[in-house]
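Me: Please take a close look at one part of this model, the interface between the two chains. I would like the criteria stated along with the values.

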Amino acid sequence: MKRSMYGKFGGQFVPEVLMPALEELEEAYQRYKDDPEFLEELDYYMKEFAGRETPLYFARNLSKKYGIKIYLKREDLVHGGAHKLNNTLGQALLARYMGKERIIAETGAGQHGTATAMAAANMGFKAEVYMGAKDVMRQHMNVYRMELMGCKVHAVRSGSMTLKDAINEALRDWVTNVENTHYLIGSVVGPHPYPMIVRDFQSVIGKEVKEQIMEKEGRYPDSIVACAGGGSNAMGIFHPFIGEKDVKLFPVEAGGKGLQTTEKEALHSASLCVGEEGILQGAHTLILQDRHGQILESSSVSAGLDYSGVGPELAYLADIGRIKPCNVSDEEALEAFYELSHLEGIIPALESSHAVAYVMKMAKTGELGDLVVISLSGRGDKDLEAVFKLKEEKETTGSEENMEACL
Amino acid sequence: MRIADKFAELDKRKEKALIAYVCAGDPCAETTKEIVHALVKGGADIVELGLPFSDPVADGPTIQAASTRALKAGMNPDLYFEMASSIKENVPLVCMTYYNLIYKRGIENFARDCAASGITGIIVPDLPAEESGELQEACRKNGVDMIFLVTPVTTGSRMKHILDMTSGFVYIVSRLGVTGERTDVAGSTSNILDRIHTDVPKAVGFGISNKEQAAEVIRAGADAVIVGSAFVNIIASGDNVNSRIEELASQLKESCR
């Protein structure tokens with residue numbers, strides 16, 4: 001197996017101009033990943049700036065209602081409100097050791113862009129973030145957050161004007177400015193060595209869970225459940241448990257409005273569940289595509305899961321049966337959003353709500369065992385406006401239906 | 001027609017080559033044939049026919065927009081090969097596309113379909129040498145040249161390796177960036193040409209749009225100039241397309257004589 005591959009997945013499908021940069025990145029990563037000075041500095045940022053370690057919280061009320069023990073890994077408490085900062089701190093530090101001056105990134109909902117802006121501001125980088133024009137409209141407060149921290153946000157108007165197009169545009173920038181720029185990819189996607197680097201920096205989640213659950217329960221959980229778009233929080237919490245064969249691992253994808261596809265788009269983002277092999281943005285992985293190989297637009301109530309591909313290592317782990325891909329619908333995710341807020345006083349991100357929803361749905365079946373850890377990858381404050389709008393729309397249609405019934 | 005035969009023919013006439021790119025199916029499948037005819041009439045020696053992909057990461061705004069137009073108008077690989085077979089110009093046709101379309105059709109099938117429809121070269125901008133083994137093998141079997149790109153940051157053993165692998169010609173990306181018209185071509189071109197030692201014809205592309213730039217690139221030692229976005233812009237304008245394409249091709253070809 002080539003070093004850049006996970007089974008048949010992965011690889012480096014990028015323009016020739018980026019190959020030396022990927023080589024340079026891999027060399028630098030291999031050099032610094034075990035370097036005591038680098039690790040000490042990273043540890044400092046993780047603790048003092050990001051606020052690690054995050055609690056492994058026993059969700060008493062949720063557990064009581066669903067009849068199994070449910071723990072939440074509280075990545076929503078990381079500075080910025082999501083796990084994204086684990087990776088941006090790691091990569092920004094690496095970029096500094098590599099002597100780069102400028103950082104670029106893509107963002108969907110704005111979480112990774114915000115985490116990039118935070119790391120860049122703190123470490124003194126010039127940062128520019130590419131964001132689909134549609135997402136800029138949907139998430140304008142996140143755009144303002146990034147700008148506050150000195151980051152330039154480019155609205156991308158090509159293609160579907162969402163995350164996939166933001167990545168394309170970031171790649172085009174990198175192709176042009178590769179000599180002084182580090183491309184800070186936000187998920188376990190893209191060409192090697194990115195899936196590995198992002199996974200390693202996010203693995204802090206799973207490493208902490210291992211110790212915390214041992215301390216609290218004296219054993220490993222029966223199941224770990226995490227949402228998966230590109231898959232960075234999922235790989236981060238799964239990776240340290242891959243060798244623990246008794247721990248079932250469930251990546252939960254966005255089932256959207258159902259697993260169907262039309263000619264131009266998928267009504268979901270479930271690449272692991274129903275995607276086909278192909279090459280997207282640097283990697284051989286599972287993707288949503290039409291019969292000719294054109295990439296389909298994906299769909300989800302949660303912008304952070306709205307992506308037509310998935311990390312190659314997840315595709316590999318699904319292929320060999322080590323993880324069990326599953327999905328929940330927009331509707332189910334919204335119910336979980338409300339449920340966790342009511343029961344525990346924790347408002348989850350819509351992304352993380354997918355993981356919560358799957359546990360709610362499956363708790364009674366026995367499939368998950370009786371000790372479950374959910375990766376609560378982000379907090380839901382960023383989603384309040386969107387959820388509020390959906391609620392209003394629902395109420396309006398509801399009352400219209402009532403009126404129609406009266407007529 | 002094979003690419004090597006074209007270069008041999010030009011060599012006899014002491015000419016350099018004009019390689020023209022257009023996106024197949026832009027603005028619709030019927031017009032591409034006429035556009036190719038205009039290119040050849042104007043003096044294009046090799047025609048690169050882009051097979052449009054939904055996510056063209058190596059392309060600038062001009063060719064992205066052309067790809068979008070072509071896809072909207074219904075271009076797909078089946079139609080593409082049908083159209084290529086119907087082109088009867090006396091020039092080599094080269095397919096430029098992204099790897100997922102090749103992978104999805106089946107690598108062997110794609111190479112065979114190229115050969116069967118008269119396409120004698122393939123350029124895949126998101127397929128670096130390391131990942132190209134299977135496609136190279138399929139191309140070799142089917143008598144199709146696989147053309148690799150080198151860039152200003154390709155150096156040392158990488159450069160040598162790619163030059164050993166490329167056939168037909170080597171595609172020299174004159175500067176960092178995506179496809180599209182630029183003003184600064186000459187300086188970076190002679191820098192990179194000085195570093196390339198090969199018997200394969202050297203074709204320079206990315207950023208060349210007028211006869212002055214073409215002349216500079218030829219003077220710097222290139223065997224061919226590749227022009228894409230300038231033609232695509234004419235197509236996008238919808239204004240007097242065929243005669244303006246022919247005119248631009250003939251001006252550019254002047255610089256190759």
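Reply: A:Lys164 and B:Asp55 form a salt bridge, with 2.9 Å between the closest N and O atoms. The term stands for a side-chain nitrogen of Lys or Arg within 4 Å of a carboxyl oxygen of Asp or Glu. By this rule, four salt bridges cross the interface of chain A and chain B. The model is predicted, so local features need pLDDT of at least 70 and side-chain atom pairs pLDDT 80 or more, whereas totals for chains, interfaces and linings use all residues. Side-chain values rest on heavy atoms, without hydrogens and water; residues are numbered from 1 along each chain as its sequence is written, and chains are lettered from A in the order in which they are written.

Contact (heavy atoms within 4.5 Å) involves 36 residues from chain A and 34 residues from chain B. Between them the chains bury about 2,900 Å², of which 54% lies on carbon and sulfur atoms; buried area is the accessible area (1.4 Å probe) that two parts lose on being put together, summed over both. On the chain A side, A:Glu16, A:Arg172 and A:His292 lose the most area to chain B, together 23% of what that side buries.

Helices (H or I, at least four residues) and strands (E, at least two) are DSSP runs, numbered from the N terminus. Elements of chain A that each supply at least two residues to the side touching chain B include helix H1 (19–32), helix H8 (163–177) and strand S2 (9–13). H8(A) gives the largest share of that side, seven residues.
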